Amino acid sequence: MLRIGHRGAAGYEPENTLRSIERAITHCVDFVEFDVQRTRDGYLVLLHDKRVDRTTNGSGYLADLSLAEVRKLDAGKGEIIPTLQEVLRLTSGRVGLMLEIIASGIAEQVCRMVHDEYEGTVIYASFLHTEVLQVRRLLPDARTLALIEGIPVHPTGFAEDAGVTHVGLAIDSLTKDFVRALQQGGYEVFAYTANDPRDIAWLRQLQVDGIISDYPDRV
């Protein structure tokens, strides 16, 4: 069972920052999960929300801000919003990556940068299933993961349509039958976001393949 640090180690440090990612690595995670979007002037940076309001001292949509404007923001504890290039250089050869594509139309740019800057195992993930499908078109052997909330009518149909190797299920959407159907279909199942030790124990009983947590040391 894989241990995956959510947005680094977001329970301990400001999410999606170099500090948080480094903290996750100290907890010996198998993968660090983080979110990627693009600034107004075309730079890839780490941020989950469409707006910078929740996680920084700034305001507005990331897509409306230049990299220079983004770099002036405090993302917590004096951290700045890092670029994808900085994160790839920090993690290369040290830990696996679960890279969540938040914005549409950036899959090719993300793949190109990963190729140039990172050595190691990458899982490309997204709720935007067209983005992970695009990754597979660009990189036929890539590991890709379709994120989903809820239980679809056909338990594996969404994964088949997206051409993925992995799926990421919200913890509130998990059932034993859903997990088994996906695993029997050949997909690795990751669960998010499990922080309570009782939830983590339950996921172990379900035998999911990976657990995503803000507190990866609890897994």
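## Cavity

About 50 Å³ of space lies in the largest cavity of this predicted model, and one cavity of 30 Å³ or more is counted. A cavity here is a set of points, on a 1 Å grid over the protein atoms alone, where a 1.4 Å probe fits but cannot get out. Points are joined across faces, edges and corners, and the volume is the space filled by probe spheres set on them.

Glu15, Asn16, Leu46, Leu47, His48, Thr55, Ala75 and Ile81 line the largest cavity, lining residues being those with an atom within 4 Å of a point. By class, four of the lining residues are nonpolar, three polar and one charged; Asp, Glu, Lys and Arg count as charged, Ala, Val, Leu, Ile, Met, Phe, Trp, Tyr, Cys and Pro as nonpolar, and the others, Gly among them, as polar.

## Basis of the values

This is a predicted model, in which local features need pLDDT of at least 70 and side-chain atom pairs count only at pLDDT 80 or more, while totals for chains, interfaces and linings use all residues. Residues are numbered from 1 along each chain as its sequence is written, and side-chain values use heavy atoms, with hydrogens and water left out.

## Nonpolar cores

The largest nonpolar core has 28 residues, and Phe34, Val36 and Val110 have the most contacts inside it. Such a core is a set of buried Ala, Val, Leu, Ile, Met, Phe, Trp, Tyr and Cys residues joined through side-chain atoms within 4.5 Å; buried means under 20% relative accessible area and exposed over 50%, with a 1.4 Å probe and protein chains only. Helix 4 gives the most to this core, with four residues. Beyond four places in sequence, Val110 is in contact (heavy atoms within 4.5 Å) with Val36, Leu44, Leu84, Leu99 and Tyr124.

## Helix 5

Helices are DSSP runs of H or I with at least four residues, and strands are E runs of at least two, numbered from the N terminus. In helix 5 (residues 129–138), Glu131, Val132 and Val135 are buried. These three lie on the same side of helix 5 because they cover an arc of only 95° around the axis, taken from the directions from the helix axis to the C-beta atoms.

The exposed residues Thr130 and Arg137 are on the face turned away from the buried side of helix 5. Cover over its buried residues includes strand 4 (96–101), helix 4 (107–117), strand 5 (122–126), strand 6 (143–148) and helix 6 (157–162).

Terms used: On a 1 Å grid over the protein atoms alone, a cavity is a set of points where a 1.4 Å probe fits but cannot get out, and a pocket is an open set with protein on both sides within 12 Å along at least five of seven lines; lining residues have an atom within 4 Å of a point.
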